[in-house]
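Have the sequence and the 3D view open side by side, and let us walk through them together.

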Amino acid sequence: MDIQSLAQTIPVEGEISLDGLDFISHGDEYLTFCLGEEHYGVEILAVKEIRCWETPTLIPNSPSYVKGVINIRGIIIPIIDLRIRFGVGEVVYEPTTVVIVLNVETEAVNRMMGFVVDAVSDVLSADEESIKPAPNFGGNIPSELVAGLINMDESVVTLLVTEQLLTLEEDSHD
Amino acid sequence: MAKILIVDDSASMRNMVKVTLQSAGHQITDAADGQEALNKAKQGSFAAVITDLNMPVMDGITLIKNLRTLPSYKYTPLLLLTTESGIDKKTAGKQAGATGWLVKPFNPEKLLSTVDRVL
Amino acid sequence: MTIDLEQFYEVFFEESLEGLDVMEQALLGASSNGVDDESINTIFRAAHSIKGGSGTFGFNEITDFTHVMETLLDEVRDAKRDLTEETIELLLKSCDCLRGMIESLQLKKELDSTESTPLIAAFEAILNGKSDKLIDSNNKIQNDTNSSLDTSDAEQTADAVDSDSILKDSFDLLLTDTVTKPSVAVDDVNAGTPSSKGWRIRFIPEPQILLTGNEPIRLFRELAELGEFTSVAHTENLPGFDSLTVDECLLSWTLQLLTDASKEDVLEIFDWVMDECSLEVTPLGDVPDTGIDKSEAERPALDSIDLEQEPAELVNIESASAVRAVDEEEKAAVVTQSIKKTEPEAGSASATSTGSIRVGIDKVDSLINLVGELVITQSMLSELGNNFEVEKLDRLSMGLEQLLQNTKELQESVMRIRMLPISFAFNRFPRMIRDLANKTGKKVELILNGENTEIDKTVMEQIGDPLVHLVRNAIDHGIEPVEERLANGKLEQGTISLNAYHQGGNVVVEIKDDGRGIDASVILAKAKEKGLVDGAAELSESRIFDLIFEPGFSTAAVVSDISGRGVGMDVVRRNINSLGGRIEIESKLGKGSTFKVFLPLTLAILDGQLVRVGSEIYIVPLISIVESLQIKPELVNQVGGNMALYRLREDNVPIIPIYKEFGIEAENTQLEDGLLVVVEGEGQKIGLLVDDLLAQQQVVIKSLVNNYRKVEGVSGATILGDGSVSLILDVGGLIRHASERSSKLRRSKKHIKAA
């Protein structure tokens, strides 16, 4: 990933810069993003790239949050709108709308998907102590998707489990 | 280090001989039958030729006969690989002009020491 | 230095299995057409190569087995034995057995000898039956050789890994033989007695010894390694200097070797030249005056002379070496290519799915050439791009044209690498037909055509079973028993022919028999009985034939153990469909049937018709398109409320509007004047309603499942020229979906009637 171009091209909320980011670090760094007014985070090591929104190719008879598929260098990946999936925020596609491409290669999961979010906001360093267990959500977000919560200033960041996020498609269907 | 031509229709034997001789620093060209070997022998010059006996298209004995008619292979060591321990084959090989033979199965060490004998 | 032999195992297994296939083919050929020298040689060579390899790589069970086979085949080859039908049968069984053994080895399983032991015994029984005959035929020497061979091989069995001991065995053998030769006078009395001092060797090479590449200096060098070595050359036979030739060795030597080495060790060095010299080896101790024999004629040359300084010899050897030391640039030769598949093999991959493809040099060479051209085009274009001016537009478009051409050719060449001749799939049939004919008592001749037609390796691997099923069916249901054939005025022997050929972008494989043909009325009656079609339905003949492929349909009155073993024709069709192919039947009652299997050349690329529905572009595989047409309203019939049928000649084709099926927006939702793409799959036709027909083009198939999941009605995706993704329609799936819906409809109608 080219950090420089990433820093320039991503619409960043506020004045946070990605300069000096150490990507080869310990895996306890999170990329945070906004869905409406809410803040979420994913492990930064799973982030393959961040792209501008482009209209994907529709997948017939798919759930509303599956926006379709796009081509990333010859690989076909589905695009999931997390705002629809989690039922937060307003579903509009604006120039600032971005797609975070996550890639996980483990024994259980080996796939790549793109997630539509309102904006990327920050890179967050968090040690284990600062991650609080999540209370049982009653909302749209399945509890197995949530790794924990981090307090950031006045707001709360919900950390998502990347592997679960990428298997979400299979779990919620068939 | 020498340039050696190995001829065998069996890819595994060919590879085995090739890798073994390469590991001793020799430069190897290989061929899958006598005709291919003869063509390659004419194009290059080899310090020794090691050939299988039974092959399609052209067998080892015919290859040796043909090689001996070429001026550049008049004295070249030509070795036969054979499983047939029958004397008639060896005699036929010798009459065709083979330098000697190596009886299959052989291990890499035996192959190297035999090749050392002629180089 | 150690060489890990394990690295050669896989190649050995592969070539052995190939060798067995070749052997089997030749045996079957010999069985039906009689034996010729070439096929015997082929069979022999296959057994021989496997024996040689297995011995070298330490697979002793294989060596033992192939040894008895080889021995028998050798006798056949030398015309000492006929290749009887019984022997052929035994050899065929042996092929199967060896195949099993090799496959076990491939899977690193223990070898089970229950199958091989009786076969070996059978060979031995045949071989032993022979030995008396051989003695009768005054071939005693040969027989002795063979029996001593047997002992040497018995030892080989006991300790095959120790190749030195084997070598020595054969060496002993050689000795026994050479005893009879007058030219070598070996002192037998002393053979084997250890000498404390060493040996005196009288070595008189024949003049032409150099012409077999054997140089005395090399022999001496080896002797010198055994101990303290001195030599005396005898030059009495040398002609005058002017008549010296480089070809002849006219020297002889008396050699003295102070060593503990045995006489055998010494003789081994002379092994290769035994028949090209006169050799006398006597223990030094036996001769009172040790050292060089006083009685030697050449007293002046008595001093022990360093080999390298021996002048006369030097002449010979140097000139000999000079001739062969013509050191030229050797042409680089790439010979074996083994292109590994990139995808990892499943843990316990089946023995048949070998991980490599052997690729002919010509294919690789053509790739290299094409890449070369591509590089030239690329550099031309990049130079053009560095300082581009409008005037160069012509050259740019020329370059792009060239790039297009290069890419296309490169793509074709790369595809060719995965292509194998269909003979790989055909090869099993001669054997199978022979066995089946024996089993059923029918007489069947197999004719293979177009075996060199190439097809993608993956398609080949997956088409094997369906083809086997179709061929079995042809024998079981198609070809009539002999009496029935004769009664119908046919030849006693039935014919099954397998033809493969290219047609458009497909490979067509035909399985044709001259049997009794398919009785359409029987099929229809049965289908009605099973409720597969409406009682009153009238169907075209081809539609009736297609009923054979319906699940739950089996025509055989008696389910034999040849066909109808649970796997039905429906599975055959499904397998062919899943490869992107289709199957057609032609049949004439009393004359025979032809099953035509249409297969894609490759699974990686597909010939597609681009169609547009609203803003989406879909790909319809060209292979499944029957025709595309503009809807004529008068041919549309509405049935059951929301199902429209289109009358296409005698067929009523259900119209499937893609926009409805996929729940998307379309420009045209009216059937009138709409565009209909009629496709066929699994024996059924449907018409896809689309907005527009676009180009036809080859598309590279990409998986949707990797990162998403299977999507109903879609078999995959591809990337179009502008980088956007387009979905490939799953014609079979759409048809299944449509027929499920119509049967639901039918059921509910029945329900209404009943109520």
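What you see is a predicted model, in which local features need pLDDT of at least 70, side-chain atom pairs count only at pLDDT 80 or more, and totals for chains, interfaces and linings use all residues. Residues are numbered from 1 along each chain as its sequence is written, while chains are lettered from A and ligands numbered from 1 in the order in which they are written.

For the complex, the predictor gives an ipTM of 0.84 and a pTM of 0.48. Two stretches of chain C call for care. Residues 131-195 of chain C have a pLDDT below 50, with 67 contacts in the model beyond near neighbours in sequence. Residues 287-354 of chain C also have a pLDDT below 50, and this stretch makes 86 such contacts. A contact here means that the C-beta atoms of two residues, placed from the backbone, lie within 7 Å. Where pLDDT is low, the predicted coordinates should not be read in detail.

Now find the open sheet of four strands in chain C, where the order is S2-S3-S1-S4 and the pairing is antiparallel. Strands (E, at least two residues) and helices (H or I, at least four) are DSSP runs numbered from the N terminus, and two strands pair if DSSP finds at least two bridges between them. Strand S2 (228-234) and strand S4 (277-283) of chain C each have a single partner strand, so one side of each is left without a neighbour in the sheet. Strand S1 (residues 198-205) of chain C pairs with S4(C) in the antiparallel sense over seven bridges. Within S4(C), Thr282(C) stands opposite Arg200(C).

Where does chain C touch chain A? The contact takes 21 residues from chain C and 17 residues from chain A. On the chain C side, strand S23 (714-719) and strand S24 (725-729) each supply at least two residues.

Finally, look at chain B, with its five helices and five strands. Along the sequence, chain B follows the pattern β-α-β-α-β-α-β-α-β-α. Of the 119 residues of chain B, 62% count as buried, which takes 20 or more other C-beta atoms within 10 Å of a residue's own, with C-beta atoms placed from the backbone. Among contacts in chain B between residues at least 6 apart in sequence, 60% join residues at least 24 apart.

Conventions: pLDDT = per-residue confidence, 0-100. Buried ≥ 20, exposed ≤ 12 C-beta atoms within 10 Å, placed from the backbone.
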